[in-house]
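This report describes a protein chain from its overall fold down to individual side-chain pairs. The sequence and the structure are shown first.

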Amino acid sequence: MYPLRSRVVSWCLLFAMWFGTSPVLAQDYPTFDQRRDWLYSLVVPTDQISGSGKSGMPFAIAKLWQTNGTDTQSKNFVVQLAERLLYKDTEQTLRDWDSEVIFETQGPVRAIYQWSDQFTATDHNRIANGYWNKRTWGKNGTENHELMRWISGYLLAQKYGGYWYFTESDSSLMSATEMMGLLKANLLLRAEEVYRQDMAEYTSPNYLVHHLIPWLNLYDFVDDPELQYIAEAVITRHLATL
């Protein structure tokens with residue numbers, strides 16, 4: 001049995017290859033190990049490492065996995081996403097605020113933890129400063145949006161410390177420790193609700209992905225043993241009910 005992290009990266013690779021390779025090919029291999037090895041053998045379309053984090057980061061993660069974190073294009077893309085401020089670059093809308101800390105952060109969080117040593121100190125400083133300037137890390141929303149923003153916010157605060165905007169308001173600025181405490185309370189409540197009433201939004205393949213990825217990031221990289229325990233419990237619950 002391979003560790004959860006190996007399975008996580010294989011799933012990320014699968015998502016990355018989904019748009020460039022027929023998924024029918026994966027079904028030709030009956031076991032997990034065979035599908036994993038098949039995915040690792042594919043060429044990552046590097047022209048797709050661009051655009052939004054939601055669409056470009058799966059390809060970047062795949063390339064970082066295949067190069068053990070050394071791919072310069074993918075690392076530069078992570079820094080670019082951290083520094084991008086949609087609400088300043090385009091007409092400011094609620095969607096702009098939210099997109100920066102929801103779909104855009106899932107891949108960068110994995111990259112800066114799993115291949116941390118491959119990023120330079122300057123890279124890490126730029127990434128930290130970029131995320132310190134973003135907002136709404138503690139905001140409520142749909143189930144998958146909450147999980148993506150809360151878990152990314154927690155792991156980024158754990159990684160970089162500093163001060164974070166919990167909501168859109170300037171007055172919501174707080175220390176990393178304070179934000180992590182609030183986000184932990186939110187995540188413990190959501191984990192309890194999974195076992196009480198299940199999740200309402202993971203019945204489609206798209207929503208299932210956006211539920212699993214943040215929990216997988218939390219399981220792999222959180223320092224708090226209680227949060228790692230609940231992440232494992234939620235992942236197990238999800239997979240047991242597919």
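## Fold and overall composition

Helices and strands are taken here as DSSP runs, at least four residues of H or I for a helix and at least two of E for a strand, and they are numbered from the N terminus. On that basis the model, which is a predicted one, has 12 helices and two strands. Read from the N terminus on, the order of the elements is α-α-α-α-α-α-α-α-α-β-β-α-α-α.

The protein has 242 residues, of which 52% count as buried. Among the contacts with a separation of 6 or more, 68% are accounted for by residues 24 or more positions apart.

## Aromatic pairs

A pair of aromatic rings is described by the distance of the centres and the angle of the planes. The search of the whole structure finds four aromatic pairs. One of them joins Tyr 131 and Trp 137, whose ring centres are 6.1 Å apart and whose planes stand at 70°, so that the pair is edge-to-face; the cut-off for that class is an angle over 60 degrees. Tyr 131 counts as buried, with 1% relative accessibility, and Trp 137 counts as buried too, at 0%.

Trp 137 also forms an edge-to-face aromatic pair with Trp 164, with 5.7 Å from centre to centre and 80° between the planes. This pair links distant parts of the chain, since Trp 137 belongs to the loop between α8 (121-132) and α9 (143-160), whereas Trp 164 belongs to strand β1 (residues 163-165), 27 residues apart. Trp 164 has 0% relative accessibility and therefore counts as buried, the limit being under 20%. Through these ring pairs, Tyr 131, Trp 137 and Trp 164 are linked into a cluster.

## Charges over rings

In another case, Arg 135 lies over the face of Tyr 165, at 3.9 Å from the ring centre.

## The surroundings of Arg 149

Arg 149 is found in helix α9, and with 1% relative accessibility this residue counts as buried. Polar atoms of the Arg 149 side chain lie 2.8 Å from the backbone oxygen of Thr 136 and 3.2 Å from the backbone oxygen of Lys 139.

When neighbours within four places in sequence are left aside, the residues in contact with Arg 149 are Asp 98, Val 101, Ile 102, Thr 136, Trp 137, Gly 138, Lys 139 and Asn 140.

## Salt bridges

The search of the whole structure finds 10 salt bridges. One of them is formed by Asp 220 and Arg 110, with the closest N and O atoms 2.8 Å apart. This pair links distant parts of the chain, with Asp 220 in helix α11 (residues 205-221) and Arg 110 in helix α7 (residues 106-114), 110 residues apart. Asp 220 is buried with a relative accessible area of 14%, and Arg 110 is buried with a relative accessible area of 2%.

The side chains of Arg 190 and Glu 146 meet at 2.6 Å, N to O, and they link distant parts of the chain, with Arg 190 in helix α10 (residues 176-197) and Glu 146 in helix α9, 44 residues apart. Arg 190 and Glu 146 are both buried, and together with Glu 193 they are linked in a network of salt bridges. Lys 184, for its part, forms a salt bridge with Asp 224, the closest N and O atoms being 2.7 Å apart. Because Lys 184 lies in helix α10 and Asp 224 in the loop between α11 and α12 (225-240), the pair ties together parts that are 40 residues apart in sequence. Lys 184 is buried, as is Asp 224.

Note on methods: Residues numbered from 1 in each chain as written. Heavy atoms only, no water. Buried < 20%, exposed > 50% of the residue type's maximum accessible area, 1.4 Å probe, protein only. Contact = heavy atoms within 4.5 Å. Phe/Tyr/Trp six-rings, centres within 6.5 Å; stacked < 30°, edge-to-face > 60°. Lys NZ or Arg CZ within 6 Å of the ring centre and 35° of its normal. Polar contact = N/O pair within 3.5 Å; in protein donor to acceptor, adjacent residues only side chain to side chain. Salt bridge = Lys/Arg side-chain N within 4 Å of Asp/Glu carboxyl O.
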